[in-house]
Amino acid sequence: MSVRPEPRPGVMQIDAYVPGKSKAAGGVKVHKLSSNETPLGPSPKAIEAVRTFDHLELYPDGSATKLREAIGAKYGLDPSRIICGAGSDELLSLLAYTYVGPGDEGAFSEHGFLVYRIAILAAGGTPVVAPEKDFHADVDAILARVTEKTKIVFLTNPNNPTGTYIPFDEVKRLHAGLPPHVVLVLDAAYAEYVRRNDYEAGLELVATAENVVMTRTFSKIYGLANMRVGWMVAPAHIADAVNRVRGPFNMNGPAMAAGIAAVQDEEHVAKAFAHNEQWLAWLTKEIEALGLKVTPSVANFMMIHFPEAAGQTAKDADAFLSSRGLILRRIEAYGIPNALRLTVGSEEANRLVVEALRDFMKGGNHA
Ligand SMILES: Cc1ncc(COP(=O)(O)O)c(C=O)c1O
């Protein structure tokens with residue numbers, strides 16, 4: 001008998017999620033490029049919606065009806081199949097709690113988003129990791145790890161932190177190879193940034209299959225990370241099950257008002273997209289010109305690989321950049337110890353990063 005309460009098995013195996021840093025040494029202006037936030041901020045209409053929000057004493061609409069309708073109108077979806085959450089993180093966890101229990105497995109790929117592992121363990125299940133090929137999810141490796149115990153498969157597409165994607169044909173092949181009892185979760189947090197002929201987030205698959213769910217977020221291109229607004233679209237039976245597990249008032253009113261305004265402001269999204277297109281390409285070219293390898297990305301961030309030589313590693317680069325107020329993300333926790341993830345920032349931040357990396361590669365030990 002325990003002398004004190006013990007968490008359920010699995011809980012203490014969780015390494016708590018560590019968010020991107022936001023501070024640097026005192027005195028320097030900080031550019032936070034560690035959490036894939038947008039440098040353009042949210043739509044001014046979303047800011048106004050929060051500013052003018054009234055009646056904080058009243059409970060919010062627990063079924064987020066207006067937000068679901070606004071999302072449905074924008075993406076051509078049936079609002080009854082949409083569930084909103086406090087960020088897509090909440091929905092990823094709810095999906096695990098709904099479908100995974102002790103003795104069950106949940107699979108995801110090697111460098112996939114860290115929250116999947118946390119959600120599966122918290123639900124009492126066992127995480128199963130499929131190796132990647134050249135930082136791309138490998139459909140065959142995932143399928144090879146699916147057993148009758150597998151209840152859920154998470155696929156980030158495009159992936160964080162690698163910035164890579166797999167074509168929609170590959171997603172369909174993954175789905176076709178899964179037994180029907182497995183829920184396939186397509187995490188498309190960065191879908192709005194991708195324009196590739198062979199990429200699709202997969203809404204068509206969600207609409208036609210009985211076991212495919214998509215999660216989306218307002219934290220990235222819509223610039224509402226602080227408000228915590230995410231959504232998922234699912235077959236009716238999955239939406240019904242998840243709604244039973246969901247907290248009755250999981251979304252707050254100001255967040256919903258901001259989401260509605262943001263999803264309707266197409267001009268703002270177009271601006272954010274154009275900014276990213278321009279600066280993702282510029283950063284990639286300039287950083288490669290310094291002799292550093294950059295994994296080609298379709299999202300609003302990129303992975304920069306550093307030499308193994310002492311003084312030139314990702315850890316050294318992180319310290320050097322931080323001393324100039326440039327906060328990138330170390331991605332050791334994703335199994336990639338010698339790279340940094342850089343979020344596309346403002347023009348000022350992007351130029352400062354390239355300048356700092358140039359000095360770092362020249363061997364400048366001091367900022
Ligand atoms: C792949 C991926 N999925 C989901 C999320 C969660 O986003 P949020 O909970 O802010 O919607 C993130 C955030 O970094 C992400 O990178």
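# Pockets, a cavity and packed helices

Me: Which residues lie nearest the centre of the second largest pocket?
Reply: A pocket here is an open set of points on a 1 Å grid over the protein atoms alone, with protein on both sides within 12 Å along at least five of seven lines, and a lining residue has an atom within 4 Å of a point. Of the 19 residues lining the second largest pocket, those nearest its centre are V18, L114, R329, R330 and A333.

Me: What pLDDT must side-chain atom pairs have to count?
Reply: Residues are numbered from 1 along each chain as its sequence is written, and side-chain values use heavy atoms, with hydrogens and water left out. This is a predicted model in which totals for chains, interfaces and linings use all residues, local features need pLDDT of at least 70, and side-chain atom pairs count only at pLDDT 80 or more.

Me: Which elements each supply at least two residues of the lining of the second largest pocket?
Reply: The space in the second largest pocket is about 380 Å³, a volume being the space filled by probe spheres set on the points, which are joined across faces, edges and corners. The names of the elements come from DSSP runs numbered from the N terminus, with helices (H or I) of at least four residues and strands (E) of at least two. At least two lining residues each come from α4 (115-122) and β12 (329-330).

Me: How many charged residues are in the lining of the second largest pocket?
Reply: Ala, Val, Leu, Ile, Met, Phe, Trp, Tyr, Cys and Pro count as nonpolar, Asp, Glu, Lys and Arg as charged, and the others, Gly among them, as polar. Sorted this way, the lining of the second largest pocket holds eleven nonpolar residues, one polar residue and, as charged residues, seven.

Me: Which helix gives the most to the lining of the largest pocket?
Reply: The largest pocket holds about 460 Å³ of space. Y17, S35, D89, F113 and K220 are the closest to its centre among the 24 residues that line this pocket. By class, the lining of the largest pocket has seven nonpolar, nine polar and eight charged residues. With three residues (within 87-99), the helix that gives the most is α3.

Me: Which residues line the largest cavity?
Reply: A cavity is a set of grid points where a 1.4 Å probe fits but cannot get out, and the count comes to one cavity of 30 Å³ or more. The largest cavity holds about 30 Å³, and its lining divides into four nonpolar, three polar and no charged residues. The lining residues are T38, P39, L40, Y193, A272, H275 and N276.

Me: Are α1 and α9 roughly parallel or roughly antiparallel to each other?
Reply: Helix α1 (residues 44-51) packs on α9 at about 155°, with axes 8 Å apart; axes are lines fitted to C-alpha atoms, for helices over the stretch in contact, and angles run from 0 to 180 degrees between N-to-C directions. Under 35 degrees counts as roughly parallel, over 145 as roughly antiparallel, 65 to 115 as roughly perpendicular and the rest as oblique. The relation of α1 to α9 is therefore roughly antiparallel.

Me: What is the handedness of the crossing of α2 and α9?
Reply: The axes of helix α2 (residues 65-75) and helix α9 (residues 253-264) come within 9 Å and cross at roughly 15°, which means that α2 is roughly parallel to α9. A crossing is left-handed if the near helix is turned anticlockwise from the far one by less than a right angle, and right-handed if clockwise. The crossing of α2 and α9 is left-handed.

Me: Which residues of α12 meet α11?
Reply: The axes of α11 (residues 314-323) and α12 (residues 347-361) come within 10 Å and cross at roughly 125°, which makes α11 oblique to α12. α11 passes α12 in a right-handed crossing. Contact means heavy atoms within 4.5 Å. D316, A317, F320 and L321 in α11 meet, in α12, V353, A356, L357, D359 and F360.

Me: Where is P161?
Reply: The peptide bond from N157 to P158 is cis, with omega near 0°, and P158 sits in the loop between β5 (150-156) and α6 (168-177). The N160 to P161 bond is also cis, with omega near 15°. P161 is in the loop between β5 and α6.

Me: What is phi of H55 near?
Reply: H55 belongs to the loop between α1 and α2. This residue is other than glycine, and its phi is positive, near 70°.
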